[in-house]
Amino acid sequence: MTGAAGPELPSHHNHRDVTGGWLRPAVFGAMDGLVSNFALIAGVAGGTANTRVIALAGVAGLAAGAFSMAGGEYVSVASQRELAQAEIAVERREMALHPEEEEAELAALYERRGVDPELAAEVARQISRNPEQALEVHTLNELGVKPDDLPSPVTAASSSFLSFAVGAVIPLVPYLAGVTSLWVSAALSMVALFGAGALVARVTARNWWFTGLRQLLVGGIAAALTWGLGSLIGASGL
């Protein structure tokens, strides 16, 4: 059926979201929290049998890591946003001062993409009639961003904080519940590591068991090495 916007064309194929959408930062943030706090708890447990100390270290690791991740993400995204806004302002000013040159630049862009010169000039002329639309086209092609679709520092920081905290709390739960054995925490963490790795398969299109085992191996090695270091320090009495 043909509507006001033109005919609706059938879609013959679909693409996966190559950016990962919300899943990628959420899974990797949780994985970071899980690996780092599991390793921290294992290291402290290697140096002392005092479960209160181990639990305190886990809580401190969760809080420090989550706040650090959130703060770093906020500053990073805010700086990126401010830079983009400054460059967008430059582009807006150039369009106001030199409209003909900017229209010609837009036409040249379409020519480089294979459009005939006459048609490219007409497309550029029609787009340039709407300054905001022209600005969006210019910034998207020159900066890779849209003026109305810049990332939010608050959203990025909040998401980073929550995802890290979710991962970091997993190895801590047994100690908060009164369990005194590191192996319970280790078993829970290993299951979570494999599950998080398997979830990554939705982003990378690798086999779920491969990504699960790979993440299990990486997290397990990190925790084992930290436990060994904690054991050495505890044995030396430092």
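Which backbone oxygen lies 3.4 Å from a polar atom of the side chain of His138? This tour of a predicted model begins with that residue.

**First stop: His138.** Select helix H5, residues 131-142, where His138 is placed. The backbone oxygen in question belongs to Glu102. Display the surroundings of His138 next: beyond residues up to four places away in sequence, His138 touches Glu91, Met95, Glu102, Glu105, Leu106 and Leu143. With a relative accessible area of 3%, His138 counts as buried, because the cut-off for that class is under 20%.

**Second stop: helices H3 and H4.** Leu106, one of the residues touched by His138, also takes part in the contact between H3 and H4. Select residues 99-112 for helix H3 and residues 117-128 for helix H4; the two pack at an angle of about 135 degrees, and their axes are 8 Å apart. H3 is therefore oblique to H4. Their crossing is right-handed. On the H3 side, show Glu103, Leu106, Ala107, Tyr110 and Glu111. On the H4 side, show Pro117, Ala120, Ala121, Val123, Ala124, Arg125, Ile127 and Ser128. Colouring this contact by class gives nine nonpolar, one polar and three charged residues.

Is Met31 buried or exposed? Met31 is buried, its relative accessible area being 6%. Leaving aside residues up to four places away in sequence, its contacts are Ala196, Gly197, Val200 and Gln215.

Definitions and conventions: Residues are numbered from 1 along each chain as its sequence is written. This is a predicted model: local features need pLDDT of at least 70, side-chain atom pairs count only at pLDDT 80 or more; totals for chains, interfaces and linings use all residues. Side-chain values use heavy atoms; hydrogens and water are left out. Helices (H or I, at least four residues) and strands (E, at least two) are DSSP runs, numbered from the N terminus. Buried means under 20% relative accessible area, exposed over 50%, partly exposed in between (1.4 Å probe, protein chains only). A polar contact is a pair of N or O atoms within 3.5 Å; within protein, one must be able to donate a hydrogen and the other to accept it, and residues adjacent in sequence count only if both atoms are side-chain atoms. Contact means heavy atoms within 4.5 Å. Axes are lines fitted to C-alpha atoms, for helices over the stretch in contact, and angles run from 0 to 180 degrees between N-to-C directions. Angles under 35 degrees count as roughly parallel, over 145 as roughly antiparallel, 65 to 115 as roughly perpendicular and the rest as oblique. A crossing is left-handed if the near helix is turned anticlockwise from the far one by less than a right angle, and right-handed if clockwise. Ala, Val, Leu, Ile, Met, Phe, Trp, Tyr, Cys and Pro count as nonpolar, Asp, Glu, Lys and Arg as charged, and the others, Gly among them, as polar.
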